[in-house]
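Let's walk through this model together, one region at a time. Keep the sequence and the 3D view side by side as you read.

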Amino acid sequence: MAPIPGSGLAKGLAVTLRTMTRKSVTEQYPDAQPELAPRTRGVIGLFEENCTVCMLCARECPDWCIYIDSHKETVPAATPGGRERSRNVLDRFAIDFSLCMYCGICIEVCPFDALFWSPEFEYAETDIHELTHERDKLREWMWTVPEPPALDPGAEEPKELAAARKAAEKLAAAEQLAAEERAAAERHAAADRPAPEEPAAGRSATGQPAAGDRPDGTRGDGKPAAGGPPAGEPPAGPGSPDERSSGEGGTA
Amino acid sequence: MTDVLDVALRLVVVFALFLVLPLLVGQTEHKVMAHMQGRLGPMYAGGFHGWAQLVADGVKFAQKEDVVPADADRRVFQLAPAVALLPYLLVLLVIPVGPGEGAVGQAVDAGIFFALAVMGVSVLGSLMAGWASANKFSLLGGLRTAAQLLAYELPMLLAAASVAMAAGTVSLTGILDAFEWWWLPWQITGALVFFVSGLAELQRPPFDMPVADSEIIFGAYTEYTGLRFALFLLAEYAGIVVLCGLTTVLFLGGWHGPWGTEGLGWVWTLLKTAVLAFVVIWLRVSYPRLREDQLQKLAWTTLVPLALAQIALTGIVKVVIQ
């Protein structure tokens, strides 16, 4: 169908009229602070307590705008007769924001989480030399660093949380196993006492759950010890430590 | 004595309207255009939503140096802004805002002729500026203005003639007295032709080829500075007021309205004029500039035939009624 003549003109008028009824997008900045995106690259803050003077940031910086000075201090031996240790002490950390191109490589590369993006952006100066900001100023900007934004609803669990949860689960499983073993041992001791006439049968029956491990001991008890060795103790002993060590390996 | 007082009062009122209404249109344009483009427009001057922006602009223009180019035709150059602006003041004098003798600056028998002839004079201001500036861009702008005037004066006059035929008079007050509501659909084509031609004659976008800033800097006004430049701008906005007022009076029934025509007729006139002024701004924001050849084509192949058809329709209906 051919368009109606003049429909384009009407469409143009409609666009402008519709825009007029909508809220304008102007941000009245000096009067009202802008709403910044969560990962705004305003300025780089230094959490100097975390800095180890590894110099990675200064070396990776594409325009060489990070200045780091440090010296070594000797820490006396912790134990008598031990060796003295030395550590790096940060003397100067400065970023020249007249050179910085806000690429964020220094923040990415820092292995000790000492550098962060801050949304602070109102640090214009009248002299270009004053744009080199020293560590105290960079440390102050750390207070303006926002919390990391929350993950999306469907996002994968954060890695550190997943690792912690897995470790906790392994620990709980190991504890439960130990408790079961303890209970089995007690039952074994109890079973030993009332039936002294048949020591071999009783031993193999109670030894079975320890060797076969996991499920409820009662099922192991009820089963006739068919393939079980006459003396349940020796195989059961090494069996459970094996299990446990493999579990630990998984956690680590 | 009372006659003198009466005349003085009318002149003062018309002059005050002449000073206030164009500024009002200009401020509206600032804000409407801004919001149509998703902006806020002026927000600071005067405190409340930049209401005094044009006053501030006026102060700025007054402070600027008044430069006349060395090779310019000095007297013509300096006279041009006045020639562009004053005709609109004169036209405002004859536009009736309400019923009766009291609501018009001066009732002229040949009102339509007077208004259209004087409006045409205003374009001479641009021509004078273009010729006297001794600047190639100004000259190009001036010639484009002349071409545009020639092309669009004709459909404008034809459309106005159609209303005069319908009313049987060329007096603006007479036309309004004879107005009936069904003239609206009857003269709608003429109204469109008149309004569009008027826009073109004011050199308003999308018909601003003579001042096309991306091609010829600012056309005939390129060499102007300070107050004289401000007068040209003021002339444009005064032109909007006059064009919208004339369209209201000729085609939209002026002070006629569904109710309250006795006491509040002037409100109807102002309201209709304001709506038309909004449309002028709206068109400016929505449409790109017409090319010079498209401009001429629109006038000669569309508007003139439409105006002639309107005259024929008016004549037929007129004869049938009688």
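I95(A) has H133(A) as its bridge partner in β5(A). That pair belongs to the link between strand β3 (residues 85–96) of chain A and β5(A), two antiparallel strands joined by 2 bridges. Strands here are DSSP runs of E with at least two residues, helices are runs of H or I with at least four residues, and both are numbered from the N terminus. Two strands are said to pair if DSSP finds at least two bridges between them. By that rule, 3 strands of chain A make an open, antiparallel sheet in the order β2-β3-β5. Its edge strands, each pairing on one side only, are β2 (66–75) and β5 (132–133) of chain A.

A word on the ground rules. This is a predicted model, in which local features need pLDDT of at least 70 and side-chain atom pairs count only at pLDDT 80 or more, while totals for chains, interfaces and linings use all residues. Residues are numbered from 1 along each chain as its sequence is written, and chains are lettered from A and ligands numbered from 1 in the order in which they are written.

Now step back to chain A as a whole. It has 8 helices and 5 strands, and along the sequence they follow the pattern α-β-α-β-β-α-β-β-α-α-α-α-α. Of its 252 residues, 13% are buried; buried means 20 or more other C-beta atoms within 10 Å of the residue's own, exposed means 12 or fewer, and partly exposed lies in between, with C-beta atoms placed from the backbone. Among contacts in chain A with a separation of 6 or more, 71% are between residues 24 or more positions apart. A contact means that the C-beta atoms of two residues, placed from the backbone, lie within 7 Å.

How far can you trust these coordinates? The average pLDDT of chain A is 78, and 76% of the residues score at least 70; pLDDT is the predictor's confidence in each residue, from 0 to 100. Over residues 201–252 of chain A, however, pLDDT stays under 50, and the model has 52 contacts beyond four places in sequence for them. Where pLDDT is low, the predicted coordinates should not be read in detail.

An unreviewed UniProt entry places the feature "binding site" at C61(A), C100(A), C103(A) and C106(A). UniProt positions are given in the numbering used here, feature names are shortened, and annotations may be inferred rather than shown by experiment.

Which of these cysteines is buried? C61(A) is, because 20 other C-beta atoms lie within 10 Å. C61(A) sits in the loop between α2 (56–60) and β2 of chain A. Beyond its neighbours within four places in sequence, C61(A) is in contact with I66(A), I105(A) and C106(A). C103(A), in the loop between β3 and α3 (105–109) of chain A, counts as partly exposed because it has 13 C-beta neighbours inside 10 Å. Further on, D113(A) lies in the loop between α3 and β4 (115–118) of chain A. D113(A) has a positive phi of about 55° although it is not a glycine, and it is exposed, with 10 other C-beta atoms within 10 Å.

Let's cross over to chain B. Between the two chains, 9 residues of chain A are in contact with 12 residues of chain B. On the chain A side, the touching residues divide into 3 nonpolar, 6 polar and no charged; here Ala, Val, Leu, Ile, Met, Phe, Trp, Tyr, Cys and Pro count as nonpolar, Asp, Glu, Lys and Arg as charged, and the others, Gly among them, as polar.

For chain B, the unreviewed UniProt entry lists several spans as "transmembrane region", including residues 79–98 and 110–133. Residues 110–133 of chain B are 92% helix and 0% strand, with their end C-alpha atoms 36 Å apart. Helix α4 of chain B covers residues 111–132 and holds G120(B). G120(B) is partly exposed, with 15 other C-beta atoms within 10 Å, and it touches L149(B) and E153(B), not counting residues up to four places away in sequence. Just after α4(B), A134(B) takes a positive phi of about 60°. Finally, a cis peptide bond, with omega about 5°, joins P205(B) and P206(B); P206(B) is in the loop between α8 (188–202) and α9 (213–216) of chain B.
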